[in-house]
Amino acid sequence: MADLSEIVKAYDVRGVVPDEWDEPLAELFGAAFVRVTDASAIVVGHDMRPSSPGLSRAFGRGAAGQGADVTEIGLCSTDQLYFASGQLGLPGAMFTASHNPARYNGIKMCRSGAQPVGQDSGLADIRQLVEEWAESGPPQRQEGVAEGAIGERDVLSDYAEHLRTLVDLTSIRPLSVVVDAGNGMGGHTVPTVFEGLPLRLDAMYFELDGTFPNHEANPLDPKNIVDLQQRVRETGADIGLAFDGDADRCFVVDEKGDPVPPSAVTALVAARELAKSPGSTVIHNLITSWSVPEVVRESGGTPLRTRVGHSFIKAEMARTGAIFGGEHSAHYYFRDFWNADTGMLAALHVLAALGGQQGTLSQLVAEYDRYAASGEINSRVDDQAGRAAAVKAAYQDREGVELDELDGLTVTAADWWFNLRASNTEPLLRLNVEARDRETADAVRDEVLAIVRA
């Protein structure tokens with residue numbers, strides 16, 4: 001029996017091609033996906049990685065072999081696949097490894113309406129079937145069920161048009177915008193989404209190239225936005241945007257070339273969404289800044305704190321009817337986008353906010369960026385549980401300090417907080433610290449890291 005434990009993660013499938021998985025295995029995943037979702041039709045898309053077209057087609061063959069009709073939308077961003085799933089009312093599969101290096105590929109799967117497929121919502125069942133079929137192949141279709149048809153459909157224009165209906169873009173003044181697509185799918189989607197807007201677009205690395213010749217398509221790593229920061233400063237642009245490999249996350253740089261924290265973007269977008277739907281709930285994960293729930297309350301909304309991870313965010317959005325959700329990792333979720341994440345829609349909100357007034361982006365963001373933060377700091381440790389327990393022991397009896405373990409360990413005082421979480425996939429502890437001033441944030445950071453790395 002095949003062991004898929006290395007490639008089937010909490011929310012998706014991801015591994016090295018062809019070492020850990022290949023087209024025959026992708027075909028089994030397609031067959032299992034149809035069986036688990038009981039789908040009569042699905043939609044499939046892929047990114048620009050060299051292995052993506054072949055893997056995507058193999059998945060489609062496996063699905064069609066079980067009787068499901070397959071709509072191939074070809075090259076697309078992950079949020080474009082979610083759009084197709086929502087608009088067409090079909091389960092979907094996106095072939096991408098997001099920001100991972102070129103030798104990786106993966107599958108992000110969803111049910112009809114872009115509902116997530118994770119370990120507890122079908123992925124474990126899919127894995128079990130693939131493992132059972134690894135030697136014998138998938139079973140025959142049920143009697144009387146014909147092989148599914150495979151067809152093509154272009155949804156890029158419909159996707160762009162839908163996004164533009166969700167944001168009032170009518171009052172945007174002319175803006176100079178630098179976009180670094182990182183040779184990823186932003187180079188495919190940005191020109192169509194931005195078409196007709198009063199934006200002077202300076203396109204960096206828009207050539208689709210899954211070998212990532214310029215830098216990794218992971219803007220969360222500061223070294224990968226250096227080129228964007230330099231271009232913004234050199235050209236005097238109003239704003240810089242960077243997308244990851246599958247273009248579902250967007251990072252923002254202001255006119256000075258300084259990064260805008262994703263929490264500030266979350267707060268800004270939350271205020272705009274609440275202006276349209278007063279009194280609504282906004283979801284934020286426990287690592288976002290104190291400024292997010294503050295702004296939500298000031299805007300007449302109800303903030304709701306949740307664990308890190310898109311499955312938790314989407315589940316809470318569905319449960320509460322929340323209008324918007326944001327994460328520290330620059331994933332932004334919208335009720336009007338089937339509760340799915342789309343960095344492109346968040347980018348349009350930032351452009352609309354900036355273009356609707358005469359100030360600079362740094363002036364605009366100052367209202368939403370209120371505290372000093374460490375950013376996420378990773379420490380490689382052999383004993384994650386032991387080091388986390390040592391940190392808990394150091395803080396649990398301190399006066400004026402509260403501890404909770406909703407997701408890892410969160411320690412909160414009057415003027416600071418930190419969260420320490422174990423990685424699900426690597427021997428890492430992830431630390432995030434925030435305080436009312438930089439000196440305190442640095443002191444708390446150093447004290448916790450001293451314990452973690454002892």
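A: One term before we start: contact means heavy atoms within 4.5 Å. Also, this is a predicted model.

Q: Fine. Which residues of α8 meet which residues of α11?
A: From α8, V265, L268, V269, R272 and E273. On the α11 side they meet A346, H349, V350, A352 and A353.

Q: How do those contact residues divide into nonpolar, polar and charged?
A: Seven are nonpolar, one is polar and two are charged.

Q: And at what angle do the axes of α8 and α11 cross?
A: Roughly 75°, and the axes come within 10 Å. Here α8 is residues 262-276, and α11 is residues 343-355. An angle of 65 to 115 degrees counts as roughly perpendicular. The two helices are therefore roughly perpendicular to each other.

Q: Which strands does α11 lie across?
A: β8, β9, β10 and β11. Its direction makes about 175° with β10.

Q: What is the strand order in the sheet of five?
A: β9-β8-β10-β11-β12. The sheet is open and its pairing is mixed.

Q: Which strands are at the edges?
A: β9, residues 199-204, and β12, residues 259-260. Each of them pairs on one side only.

Q: How many bridges join β8 to β10?
A: Four, and the two strands run parallel. β8 covers residues 175-180 and β10 covers 239-243.

Q: What else does L241 contact, leaving aside neighbours within four places in sequence?
A: Besides V179, the list includes V177, V178, D180, F194 and L228. C250, F251 and V252 are on it too, as are A347 and L351.

Q: Where does α6 sit?
A: Helix α6, residues 186-194, lies across β8, β9 and β10. It runs at about 175° to β9.

Q: Switching to the cores. Which residues touch the most other members in the largest nonpolar core?
A: F194, I239, L241, F243, L351 and L361. That core holds 85 residues. Its largest share, 10 residues, comes from α11.

Q: What lies apart from it?
A: Another core, of 34 residues. I7, V8, V34 and I126 are among them.

Q: Next, the sheet of four strands. What is its order?
A: β14-β13-β15-β16, open, with mixed pairing. The edge strands are β14 (302-306) and β16 (332-334), each pairing on one side only. Direction ignored, neighbouring strands are turned by 20° against each other on average.

Q: How many bridges join β13 to β14?
A: Five, between parallel strands, with β13 at residues 281-285. V282 stands opposite P303 in β14.

Q: Which helix packs on that sheet?
A: α9, residues 291-298, which touches β13 and β14. Its direction makes about 155° with that of β14.

Q: What about phi at Y205 and F212?
A: Y205 has a positive phi of about 55°, although it is not a glycine. F212 is not a glycine either, and its phi is positive at about 50°. Y205 lies in the loop between β9 and α7 (226-235), and F212 is placed in the loop between β9 and α7 as well.

Q: Is F212 buried or exposed?
A: Buried, with a relative accessible area of 11%. The cut-off for buried is under 20%.

Q: Which residues contact A102, sequence neighbours within four places aside?
A: R49, G210, T211 and F212. A102 is in the loop between β4 (92-95) and β5 (104-111). It is partly exposed, at 31% relative accessible area.

Q: Last one, N183. Where is it?
A: In the loop between β8 and α6. N183 counts as buried, because its relative accessibility is 1%. Leaving aside neighbours within four places in sequence, N183 contacts M48, Y205, E207, L208, D209, P213 and N214. So Y205, with its positive phi, is one of the residues in contact with the buried N183.

Note on methods
Residues numbered from 1 in each chain as written. Predicted model: local features only at pLDDT ≥ 70, side-chain atom pairs only at ≥ 80, totals over all residues. Heavy atoms only, no water. Pairing = 2+ DSSP bridges. Axes fitted to C-alpha atoms, helices over the stretch in contact; angles between N-to-C directions. Parallel < 35°, antiparallel > 145°, perpendicular 65-115°, else oblique. Nonpolar A, V, L, I, M, F, W, Y, C, P; charged D, E, K, R; others polar. Core = buried A, V, L, I, M, F, W, Y, C linked by side-chain atoms within 4.5 Å. Buried < 20%, exposed > 50% of the residue type's maximum accessible area, 1.4 Å probe, protein only.
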